[in-house]
Amino acid sequence: MTIQAWIGLGSNQGDREQYLKSAISSLEQISHSPLIVSSLYETEPWGGVAEGLFLNQVIGVSVSPNQL
């Protein structure tokens, strides 16, 4: 049995795109099928965070429960 999970990624520090690529690379190691990867979206900070624009992405991953 596998579980499909959707994970929201975001970064507003340093090399934002490289941080997201590193996260995707780590998720690929545990996925049972190819990841579903959204486009990159740049958004304004909110909720009291005042530093830099965020780079965001959503990832779909399939894992088995014993990997969690």
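The structure is a predicted model, in which local features need pLDDT of at least 70 and side-chain atom pairs count only at pLDDT 80 or more, whereas totals for chains, interfaces and linings use all residues. Residues are numbered from 1 along each chain as its sequence is written, and side-chain values use heavy atoms, with hydrogens and water left out.

Along the principal axes, the C-alpha atoms fill a box of roughly 40 × 20 × 20 Å. Of the 68 residues, 25% are buried, that is, under 20% relative accessible area, with exposed meaning over 50% and partly exposed in between (1.4 Å probe, protein chains only). Among contacts (heavy atoms within 4.5 Å) between residues at least 6 apart in sequence, 64% join residues at least 24 apart.

Leu 53 lies in the loop between strand E3 (41-43) and strand E4 (54-63). With a relative accessible area of 34%, Leu 53 is partly exposed. When residues up to four places away in sequence are not counted, Leu 53 touches Ser 11, Asn 12, Arg 16, Glu 42, Thr 43, Glu 44 and Pro 45. The C-alpha atoms of Leu 53 and Ile 3, which are 50 residues apart along the chain, are separated by 32 Å.

Definitions and conventions
Helices (H or I, at least four residues) and strands (E, at least two) are DSSP runs, numbered from the N terminus.
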